[in-house]
Each structure stands twice: as structure tokens, then as C-alpha cells.
Amino acid sequence: MLCLNGVLLFWTLCHVIRQAWSEEELSSPRDVRVDSAVHWSPATDSPGIKYTVQYRTSDLEKWHNISGCVQTELTTCNIQSGCVMVRVLAQEGNRTSRSVEACRHADSCSPEVQLTSKEGLLMVHMVKNNRLLEDNGDHFEYHVQYGRDGEELKQDLYTSTSLKTIERLDVGRRYCVQVRYSCYQKPFGTPSVQHCESIQESERTQKKKIVAIGVTSTILLGVMVVCLMLFIYRHHKKIKQFLQPPLRLPDHYCEYLSGVFPQQALSLTTSPCEERHDLISIICLEEDLIPESDREQDYDSPNGLDFLDHYE
């Protein structure tokens, strides 16, 4: 008995899980498109599937059922004109598929945006002209939000033209922009992809900065040179003294002062005796000193020394 109750409980649990799983498996409608009416393709070929179409005019409003398009087996539904977002759901018994959203018009409900940066400003181009502008006239606007990169987009701008210029932006900073449609002062559709761009400097400003940096550098260099020359002029003696090589005592003075000087015995040497000699002032030949009258007599003597002694 207990085994039978267990089997019945297990079968009931499996049925509940299968039913819950099958409810999530209901396919959504395919190829949902909107022009003058809403069109879609059946989710599956199985019979008994019905569809419900809902609409809203802005993201702030709730979804409302379209009269005549609630649990219908048709694959088309007429809607009112104007700024309208629609969605289609498939239903089968208690099961409901995920909704598929679409815009009132065949073109996208998200604006296509391009950015162009210039000196201190950012130009926002709405590339695609949406039919919402034609259908709603003055009640249609572009809602532009912008701010610095990394921060929340808090700045709001509205324009009915496809070009909006954002001025007074900081050069060198990066700004991000996001655009969405607005109908009757209410947001419509989905916001565009967030685009970011850096604010560039103009070529004229860049050239001015380069010239200013060059002039400033030249002036600073000239001031430094003049200051250096004045400093050298006023302290040239100290600089000269500082640049002189350090004084160094000779090695023998260092050895003497350190006590390593060798103690050598001093020996007194006497000079040899000088020989005495007469100072000879004139040297001449002997025959030049003898008179001619006496030369003949001298020839008779054995040598000329006697005459020389007599003469002296």
C-alpha cells in the first residue's frame, strides 16, 4: 500500500513538473512587424493557440489590450495611429509565451546617432529620419541626454531637427550621448546605443599652445643663463679656489713628519789640499823676450836659460 501511494505521489509530481515545464516551452510569435496594422507569424502549427496584442504610448504607461485583438486566432490587428509601442503574446490554455515588442512604424524605434567633436562642442547627428516626425509633427522631438564618460547622463536637451549641437564642453574630456524619441512630451521607443567622443582641440589652438610653449621655454632658458653668468661673476674667486687641485706635501716632508724619515749619518768630507801656483797672466815665446843684440850671444851659450835668468 505504501509503495502504491509512493508511485502515485511520484507520478503526480512528474505531471506537475511536466506541466510547468511545458508552460515555459510555449513559443513566442515570429516576425512581428508594424505598419498600418500589426502582423506576425504563428508560433507553431498546432491548433488552439491564440494571440493577444497590447500597446502603450510611452515607457511610463502600462500595457493596454487592443480591442478586438485579445485571444484572437488571427495573425493581424489594426491599431491607432501615433506614437505607439506594441507587443504580441501567444496563449494556449493557462500557458503564455514571452511577448515580442515592436514599434508603431516599420523603421526602428531607436534613433541612429553619429557624433562629431570640435573645439568645445559636440555635434549630434540623427542619421535616420523617423516617420514619427511626419505623423506627429510638432509633437515629436529627439530627447538627447549627455554627460561625462563614467558619469550618469543627467543633462537633457530636446530638438525637433536631426542635428543638435552641444556647446561649452571641456576640451580634452570625453563625453557620452544617448538619444531616444519623445512624442507628446513622453518618451517613446527604446534609447539608442550610448556613443562617446573626446572633445578635440582645433588646429589653431594647438599651434597657439606650441608657440606659447616655445616662447616660454626660450625666456626661461635666457633667464637661467643670465642668472648663471651673474653668479659666476660674483663668486668667481670662490669658484676658482674650489676648482683648484688640492695641495699635497712632497713625499719626503710626509715621511719626515710621520717619523719614517731615515736617520743617515752625516759624514764630513774634507776637500783635498789645493796646490799652490803662480798666476800666469801673459804667455809669450822666449825669443820674443830676448833682444836681437843679445840673441847672438845666447846662441853661444849651451842653453838659453842663463840669459833668461839674467833677464829676469
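**Surface, links and confidence in a predicted protein chain**

The protein chain exposes about 23900 Å², of which carbon and sulfur atoms supply 55%; accessible areas come from the Shrake-Rupley method with a 1.4 Å probe, and for residues only the protein chains shown count as cover. This is a predicted model, in which local features need pLDDT of at least 70 and side-chain atom pairs count only at pLDDT 80 or more, while totals for chains, interfaces and linings use all residues. Residues are numbered from 1 along each chain as its sequence is written, and side-chain values use heavy atoms, with hydrogens and water left out.

Of the 312 residues in the protein chain, 26% are buried (under 20% relative accessible area, with exposed meaning over 50% and partly exposed in between; 1.4 Å probe, protein chains only). The secondary structure comes to eight helices and 16 strands; these are DSSP runs numbered from the N terminus, helices being H or I with at least four residues and strands E with at least two. Where contacts (heavy atoms within 4.5 Å) join residues at least 6 apart in sequence, 56% of them join residues at least 24 apart.

Confidence comes next. The mean pLDDT (the predictor's confidence in each residue, from 0 to 100) of the protein chain is 76, and 69% of its residues reach 70 or more. Strand S13 (residues 163-166) has the highest confidence, at 93, and helix H8 (residues 305-311) the lowest, at a mean of 44. Over residues 265-270 the pLDDT is below 50, and this stretch has zero contacts in the model beyond near neighbours in sequence. Residues 304-312 also have pLDDT below 50, but here the model has seven contacts beyond near neighbours in sequence.

A search of the whole structure finds two disulfides (pairs of cysteine sulfur atoms within 2.5 Å). One of them is formed by Cys69 and Cys77, with sulfur atoms 1.7 Å apart. This link of Cys69 and Cys77 is right-handed, with 100 degrees about the S-S bond, and both Cys69 and Cys77 are buried. Another disulfide joins Cys176 to Cys196, at 1.9 Å from S to S. Cys176 lies in strand S14 (residues 174-183) and Cys196 in strand S16 (residues 195-198), so the pair ties together parts that are 20 residues apart in sequence. The link of Cys176 and Cys196 is right-handed, with 100 degrees about the S-S bond. Cys176 counts as buried because its relative accessibility is 1%, whereas Cys196, at 22%, counts as partly exposed.

Four aromatic pairs are found in a search of the whole structure; rings of Phe, Tyr and Trp (its six-membered ring) pair if their centres lie within 6.5 Å, with planes under 30 degrees apart counted as stacked, over 60 as edge-to-face and the rest as tilted. The Phe140 and Tyr142 rings are edge-to-face, because their planes stand at 75 degrees, with centres 5.2 Å apart. The rings of Phe140 and Tyr181 have their centres 5.4 Å apart and their planes at 45 degrees, so this pair is tilted. With Phe140 in strand S11 (residues 140-148) and Tyr181 in strand S14, the pair ties together parts that are 41 residues apart in sequence. Phe140, Tyr142 and Tyr181 form one aromatic cluster. Phe140 is buried at 1% relative accessibility, Tyr142 is buried at 2%, and Tyr181 is buried with a relative accessible area of 2%.

Tyr142 is also among the contacts of Met126, which include Glu112, Thr159, Leu163 and Val179 when neighbours within four places in sequence are left aside. Met126 sits in strand S10 (residues 121-126) and is buried at 3% relative accessibility. From C-alpha to C-alpha, Met126 and Pro111 are 6.6 Å apart in space and 15 residues apart in sequence.

The structure holds three salt bridges, each defined by a side-chain nitrogen of Lys or Arg within 4 Å of a carboxyl oxygen of Asp or Glu. Glu92 and Arg95 meet in one of them, at 2.1 Å from N to O, and Glu92 is partly exposed at 25% relative accessibility. Arg148 and Asp170 meet in another, at 2.4 Å from N to O. This pair links distant parts of the chain, with Arg148 in strand S11 and Asp170 in the loop between S13 and S14, 22 residues apart. Arg148 is partly exposed at 27% relative accessibility, and Asp170 is partly exposed at 33%. The side chains of Arg174 and Asp149 also meet in a salt bridge, at 3.4 Å from N to O.
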